[in-house]
Amino acid sequence: MKNVLSIQSHVVFGHAGNSSAVFPMRRMGVNVWPLNTVQFSNHTQYGQWTGCVMPATHLTEIVKGIAAIDGLKRCDAVLSGYIGAPEQGEHILAIVQQVKQANPAALYLLDPVMGDPDKGCIVAPGVAEFHCKAGLPAADIIAPNLLELEQLSGHRVSSVDDAIATARELMQRGPRMVLVKHLSYAGYDSQSFEMLLVTADGAWHTRRPLVDFGARQPVGVGDLTSGLLLVNLLKGLSPQKALEHVTAAVYEVMKQTKEAGEYELRVVAAQDQIALPQHHFPASPVM
Ligand SMILES: Nc1ncnc2c1ncn2[C@@H]1O[C@H](COP(=O)(O)OP(=O)(O)O)[C@@H](O)[C@H]1O
Ligand SMILES: Cc1ncc(COP(=O)(O)O)c(C=O)c1O
Ligand SMILES: [Mg+2]
């Protein structure tokens, strides 16, 4: 069984950050060690929440405890997502180094959650800069959405070819794999939801049908997406197969959430379809 140290937000009510990704990752057969960067009542897209950001030293302290019982060598990957303050980012990078010292084969997947004021995703000042300057070079895999891809690269991205070139540009600075987890207006077709996975050797593209949520889009979709990608890779799937599973599994969750008339993701109800999706969306090689 693989072990993932998952460092992201925790919401008590609903699903975002670890509250979105941990259960599906476990359901896929991976052991998850959740380490929470914040504990909030609910995600920030409600416009109000209670709770607090953990002190950055808390993250290091917990990992120190795991090191003290000689547990770090069993860590196969670190996943990071929503962080509450840029200082937490520095502590996370030190944790990644420590894990890699204990297990040189460990992977680091960075989901550079940067916030999107239009969507109501609120992230502390300095976090986006942290991802661009320090996070990117330290990551083995990154999973930006289009907005995050543009911020990491410092330029607009307006087509699939552009997105591939930009992913490769970012790969010059560190990561060896880039998942563009929402191509948005850079995709081929505004009537479908598209993703792109880029490695040194290839690029694969998927599309799935849009589920109409109107203006109130569910939150935590990105966190679910990056968590499932990591699990698939740890389980030894090829990049192409990993992307196909993620595309279908997240679609099943979206579909069931819509059918139930819910706003919060139905990760528990859709667990069997996450494990064995009933839809298949091929990942087509690009170029
Ligand atoms: N099949 C789909 N149909 C409609 N909307 C989708 C579908 N899949 C994902 N979404 C929405 O697309 C957005 C994904 O945006 P993205 O920026 O990649 O992720 P996030 O903001 O969750 O990190 C989310 O708002 C999600 O609700
Ligand atoms: C607490 C918290 N964690 C994580 C996220 C990121 O969610 P998503 O997967 O939609 O990017 C958000 C977005 O608003 C959030 O409020
Ligand atoms: Mg996101």
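## Tyr251 and Phe281

With a relative accessibility of 9%, Tyr251 counts as buried, and in this predicted model its ring pairs edge-to-face with that of Phe281, because the ring centres lie 5.2 Å apart and the planes stand at 85 degrees. The pair links distant parts of the chain, since Tyr251 belongs to helix 8 whereas Phe281 lies in the loop between helix 9 and strand 10 (284-285), 30 residues apart. Phe281 is buried as well, at a relative accessible area of 11%.

Tyr46 sits in the loop between strand 2 (31-40) and strand 3 (51-53), and Tyr263 in the loop between helix 8 (239-259) and helix 9 (271-275), 217 residues apart. Tyr46 is partly exposed at 30%, while Tyr263 is buried at 12%.

Phe13, Tyr46 and Tyr263 form one aromatic cluster, and the charged end of Arg216 sits over the ring of Tyr263, 3.8 Å from its centre.

## Thr199 in strand 8

Thr199, which lies in strand 8 (residues 192-199), is buried at 9% relative accessibility. Its side chain reaches the backbone nitrogen of Asp201 at 3.1 Å, and its contacts beyond four places in sequence include Arg168, Met171, Trp204 and Pro239.

## Cysteines

The structure holds zero disulfides. The sulfur of Cys52 is 18 Å from the closest cysteine sulfur, that of Cys121, and is therefore too far for a bond; for Cys121 the closest is in Cys132, at 15 Å, again too far. Cys52 is partly exposed at 43%, whereas Cys121 is buried at 17%.

Notes: Residues are numbered from 1 along each chain as its sequence is written. Chains are lettered from A and ligands numbered from 1 in the order in which they are written. This is a predicted model: local features need pLDDT of at least 70, side-chain atom pairs count only at pLDDT 80 or more; totals for chains, interfaces and linings use all residues. Side-chain values use heavy atoms; hydrogens and water are left out. A disulfide is a pair of cysteine sulfur atoms within 2.5 Å. Buried means under 20% relative accessible area, exposed over 50%, partly exposed in between (1.4 Å probe, protein chains only). Helices (H or I, at least four residues) and strands (E, at least two) are DSSP runs, numbered from the N terminus. A polar contact is a pair of N or O atoms within 3.5 Å; within protein, one must be able to donate a hydrogen and the other to accept it, and residues adjacent in sequence count only if both atoms are side-chain atoms. Contact means heavy atoms within 4.5 Å. Rings of Phe, Tyr and Trp (its six-membered ring) pair if their centres lie within 6.5 Å; planes under 30 degrees apart count as stacked, over 60 as edge-to-face and the rest as tilted. A charge sits over a ring if NZ of Lys or CZ of Arg is within 6 Å of the ring centre and within 35 degrees of the ring normal.
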